[in-house]
Amino acid sequence: GNVHYHEFILKDTNFTKLCSTKSALTVNESFPGPIVQAQKGDTVYVNVYNEGRYGVTLHWHGIKQPRNPWFDGPEYVTQCPIQPGTNFTYQILLSSEEGTLFWHAHSDWSRATVHGAFVILPANGTSYPFPKPDGEQVILFASWYKEDVMTLLDETLKSGGLTTSSDSYTINGEPGDFYLCSNETTYRMSVDYGKTYLLRIVNSVQNVDMFFAIAEHNLTVVGADGAYVKPIVTSYIMITPGQTMDVLVTAKQSLGHYYMLASPYYDGEADDFDKSMARAIFQYNGNYTPPSSPIYPTYIPGYYDIDSARKFVTQFRSLASAEHPVDVPLNVTTRMFITISIGMLHCPNNSCAGPEGNRIASGLNNISFANPAVDVLQAYYRNLSGYYNASFPDEPPNLFNFTSEDLTADNYTITSRATRVKMLDYNATVEITFQGTNIMDSGENHPVHLHGFRFYVIGSGLGNFDNVTDPLTYNLVDPPEVNTFPVPKDGWATIRFIADNPGVWFMHCHFDRHMSWGMDTVFIVKNGGTDETSIRPPPDYLPACSKNSLFGAD
Ligand code: C2O
Ligand code: CU
């Protein structure tokens with residue numbers, strides 16, 4: 001493959017949106033950040049200069065980085081933050097990924113403004129498994145906060161409060177003409193009649209799943225998370241933070257202007273979803289009188305439309321062709337059952353603002369992940385003790401009716417805060433069933449994301465997982481192979497993967513609020529017997545683990 005070099009300058013940049021100006025951390029002064037483009041199998045180097053005010057790390061979301069965890073990026077998992085005034089060069093090894101992925105900051109909530117698309121084209125001599133489109137366009141969703149995200153994170157962690165709703169969502173950096181002071185800057189995609197475009201859609205929103213539709217144009221989904229899927233023809237998509245989709249759209253309607261809408265599926269605070277919808281315009285070139293207003297979709301699922309979300313999400317199938325085979329492990333050597341929940345952490349002297357002086361937290365199997373002072377990878381590789389425990393449980397401590405409507409705010413569980421990781425043997429075949437819970441009456445989808453792998457989603461459903469009947473529904477023939485999947489509200493999902501990538505790999509909910517509250521764990525995949533089945537040697541230079549970062553070690 002080819003080798004590409006990029007320079008990323010991280011610095012604070014002034015932006016005016018929603019009638020107010022703020023300074024936000026960016027890469028090369030742009031929001032969203034630059035598109036990285038390569039071909040399947042290439043190597044990309046990104047030299048990051050941190051000219052900002054606090055430590056930052058970057059992550060190449062969905063790129064497996066075979067045996068190369070040193071450059072994966074989650075803070076205190078595979079590295080310590082790159083401190084202000086220093087630089088660090090990431091080496092990104094592309095392997096089986098092809099399609100659209102993205103890169104983003106993986107420290108505190110810097111992802112809000114530090115992110116961009118990662119486009120991986122077919123290798124020379126190969127092509128898309130669909131007719132070559134006439135044009136391609138990245139469509140990236142993000143959240144915009146008028147306030148500094150560091151202030152918001154600080155408040156959220158201290159109070160356990162819910163400072164989460166953004167002031168707007170954006171499409172390619174712009175809120176669109178629904179919002180004040182945003183009319184002039186609305187993103188416009190100009191298209192020629194008769195042409196087909198490949199939309200490379202990225203959801204980098206902080207905490208909310210999104211529906212997306214283009215008025216009067218069907219969408220054909222052909223890829224997800226850097227792998228192709230059997231085409232899905234649909235009038236809308238549902239996409240969670242951390243998901244990416246390749247979508248074809250043909251411009252074959254009357255010459256005119258059509259809204260592209262991104263609206264939140266569920267936002268803990270929005271009471272009227274119409275008010276929080278980002279809008280862009282799909283605009284035909286040609287000779288015609290521009291309409292006074294673009295055409296609005298006749299249908300886009302409404303706020304909290306669980307049925308429409310499920311209907312879309314369950315349609316995904318791998319290509320399962322000779323060129324794009326599936327390789328679902330049929331025998332399972334390591335089985336886990338993981339509950340996903342919002343819970344409470346005790347505060348010293350009941351000093352917090354939550355119920356009975358506790359603070360809101362979240363957990364996997366009732367454990368809230370705590371960042372260690374030295375990253376797990378370094379501690380593991382150098383045999384440093386005291387930074388993590390290889391004791392992440394295969395099941396939650398107590399089993400109960402996870403999805404009952406009676407689980408109100410008084411039925412919360414107290415989570416324990418610890419750095420507990422799961423060890424996996426090289427080539428273990430792993431099956432994990434995730435069970436969403438309604439603890440504290442706070443059930444919602446959780447987009448679970450795993451680093452270092454793509455996994456097969458072999459089944460999912462609503463309600464409590466039944467280990468006798470539900471496995472009978474598993475798809476072992478053409479399940480989708482993804483890096484992020486929404487475990488449904490009050491429902492379950494089962495995934496499988498082969499632990500063939502030695503390293504230290506983060507797994508977490510891709511809502512930043514939940515991630516910061518501890519809805520995370522780490523897999524350490526042990527080396528196989530040879531150099532080719534072992535973690536690559538570390539680079540000469542890695543950022544030092546100091547305590548200068550605002551919200552890192554504790
Ligand atoms: Cu998109 Cu852990 O990351
Ligand atoms: Cu979550």
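Start by selecting residues 219–224, which are strand 14, together with strand 17: the two pair in the antiparallel sense over four bridges. Strands pair here if DSSP finds at least two bridges between them. Helices (H or I, at least four residues) and strands (E, at least two) are DSSP runs, numbered from the N terminus. To see one bridge up close, pick Thr 220, whose partner in strand 17 is Leu 248.

Before going on, note that this is a predicted model, in which local features need pLDDT of at least 70 and side-chain atom pairs count only at pLDDT 80 or more, while totals for chains, interfaces and linings use all residues. Residues are numbered from 1 along each chain as its sequence is written, and chains are lettered from A and ligands numbered from 1 in the order in which they are written.

Now keep strand 17 and select residues 244–250. Six of the seven residues of this strand are buried, so strand 17 is largely enclosed by the rest of the structure. Buried means that 20 or more other C-beta atoms lie within 10 Å of a residue's own; 12 or fewer makes a residue exposed, anything in between partly exposed, and C-beta atoms are placed from the backbone.

Thr 196 stands opposite Thr 250 in strand 17.

Show the whole sheet: six strands in the order 10-9-12-17-14-15, open and with mixed pairing. Which strands stand at the edges? They are strand 10 (168–171) and strand 15, each with a single partner strand, so one side of each is left without a neighbour in the sheet. From one strand to the next the twist averages 25°; axes are lines fitted to C-alpha atoms, for helices over the stretch in contact, and angles run from 0 to 180 degrees between N-to-C directions.

**A nonpolar core**

Select Phe 141 and Phe 212 as side chains. They have the most contacts inside the largest nonpolar core, which has 147 residues. Such a core is a set of buried Ala, Val, Leu, Ile, Met, Phe, Trp, Tyr and Cys residues joined through C-beta atoms within 7 Å. Around Phe 212, leaving aside neighbours within four places in sequence, the contacts are Ile 201, Tyr 236, Ile 237, Ile 239, Leu 261 and Ala 262. Two residues are in contact if their C-beta atoms, placed from the backbone, lie within 7 Å.

**Where domains meet**

Zoom out and colour by domain: domain 1 is 1–126, domain 2 is 130–318 and domain 3 is 334–533, with bounds from an automatic or database domain assignment. The centres of domain 2 and domain 3, taken over C-alpha atoms, are separated by 28 Å. Between these two, 26 residues of domain 2 are in contact with 26 residues of domain 3. On the domain 2 side, helix 1 (149–159), strand 15 (227–234) and helix 2 (306–313) each supply at least two residues. Helix 1 gives the most, with four residues.

**Into domain 3**

Select residues 359–364, strand 21, where six of six residues are buried. Strand 21 pairs with strand 20 (residues 334–345) in the antiparallel sense over six bridges. Ser 341 has Gly 363 of strand 21 as its bridge partner.

Then show the open sheet of five strands, ordered 24-32-31-26-29 with mixed pairing. Strand 24 (421–424) and strand 29 (484–487) stand at its edges, each with a single partner strand, so one side of each is left without a neighbour in the sheet. Strand 26 (residues 446–450) runs antiparallel to strand 29, and four bridges join them. Pick His 449 to find its bridge partner in strand 29, Thr 484.

**Last stop: a loop**

Finally, select Glu 51, in the loop between strand 4 (43–50) and strand 5 (58–61). Is Glu 51 buried or exposed? With 12 other C-beta atoms within 10 Å, Glu 51 is exposed. Not counting residues up to four places away in sequence, Glu 51 touches Ile 9, Leu 10 and Lys 11.
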